Amino acid sequence: MEFNDDVALDTSQVQDQRGSGGGGIGGRVAVGGGGIGVLGAIIYFVLSQLGGLPTGGGGSPLGLSEVGSGQSVASTDLARTCRTGADANNNHDCALVAVINSIQGYWTDQFARSGTPYQVSTTTFFNGGVGTSCGSATSDVGPFYCPADSRVYIDLGFFKQLQTQFGAQGGTFAEAYVLAHEYGHHVQNLLGTSARVREGSGPTSDGVRLELQADCYAGVWANHATSTPTANGKPLIKTITQQDITSALDVASRIGDDFIQKNLGGGHVDESQFTHGSSAQREKWFTTGIQTGNPTACDTFGTNDLG
Ligand SMILES: [Zn+2]
């Protein structure tokens, strides 16, 4: 994917807490409620399968914790570094800022068309651990959305893990799919969808329907990504290639419940434990979003055919 060089970035949509270290966060994962991130819940499940969650400070069995408790890293200044699409083309952090801007630019327009105001949601970059209104979390939960404070949280080490542990191809657009999925949960939160779902797991559970809808919403954004204008009239994203879409589908196929159970869990597929949908379903709903570009096509609650 490529960004338009002369479009301004809005770094206020990202809070960079990577310099603050993970001190004081240790302990078990405490993120709860229906809004836990898809990937987080998956990893939570994997860890459960492997015999329990790691405790903070002791190193992660997933090799994710690059910064230990109390350590600090040089604070990055996104506002200074990430000014335009040209910066996004040259700097990974800035590319993620641009992606977040693009996702929210689309949803702002889409909500406006339906007469509802969109509330901008900040993404927090963290290392090791983070405190949220949903409780404290370590990197091991993966990226997640917290409905209580309407924010997305991500340790960017997760993207490396997708490649090293899940075997994903990676790439910026694959990462954009992950972020767009989390913003799909924000949209669900704003629309009241998340509040209406019942707890539970299983292949046709509300939880799975919510996750597949977030995948579909991610695809809807992708459909509009190169045509959503910014203040200067140009879209932030200049091009998305077929290879980009393939790399996103590749990630979707590796975070399906069956793939994870088979390859990263106990090796046995148990549909009753599904929380996010199978790999095929995740690919299907992301594709539905991309092909239609229409959020109403993402009615995973109103269909008997989840794929
Ligand atoms: Zn999710």
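Me: Hi! How many residues does α9 have, and what distance does it reach from its first C-alpha to its last?
Reply: Hello! In this predicted model, α9 has 13 residues and reaches 19 Å from first C-alpha to last, close to the 18 Å expected at 1.5 Å a residue.

Me: Nice. Which of the residues of α9 are buried?
Reply: Asp 244, Ile 245 and Ser 247 are buried, and so is the run Ala 248, Leu 249, Asp 250, Val 251, Ala 252 and Ser 253.

Me: And what covers them?
Reply: The cover includes the helices α5, α6, α10 (257–263) and α11, along with β8 (237–239).

Me: Switching to the nonpolar core: which residues touch the most other members in the largest one?
Reply: Those are Trp 107, Leu 162, Tyr 177 and Trp 221, out of 63 residues in that core. The largest share of the core comes from α4, with 11 residues.

Me: What does Trp 221 touch?
Reply: Leaving out residues up to four places away in sequence, Trp 221 touches Val 99, Ser 102, Ile 103, Tyr 106, Trp 107, Phe 173, Ala 176, Ala 180 and Ile 237. Another core lies apart from the largest one, with eight residues, including Phe 126 and Tyr 153.

Me: OK, sheet time. What's the strand order?
Reply: The open sheet of four strands runs β2-β3-β7-β6, with mixed pairing. At the edges are β2 (14–16) and β6 (144–146), and the twist averages 25 degrees from one strand to the next.

Me: How many bridges join β3 to β7?
Reply: Three, and the two strands run parallel. Within that pair, Thr 123 stands opposite Val 152.

Me: Last one: which strands does α6 lie across?
Reply: α6 lies across β3, β6 and β7, at about 20 degrees to β6.

Note on methods. Residues numbered from 1 in each chain as written. Predicted model: local features only at pLDDT ≥ 70, side-chain atom pairs only at ≥ 80, totals over all residues. Heavy atoms only, no water. Core = buried A, V, L, I, M, F, W, Y, C linked by side-chain atoms within 4.5 Å. Buried < 20%, exposed > 50% of the residue type's maximum accessible area, 1.4 Å probe, protein only. Contact = heavy atoms within 4.5 Å. Expected span 1.5 Å × (residues − 1). Pairing = 2+ DSSP bridges. Axes fitted to C-alpha atoms, helices over the stretch in contact; angles between N-to-C directions.
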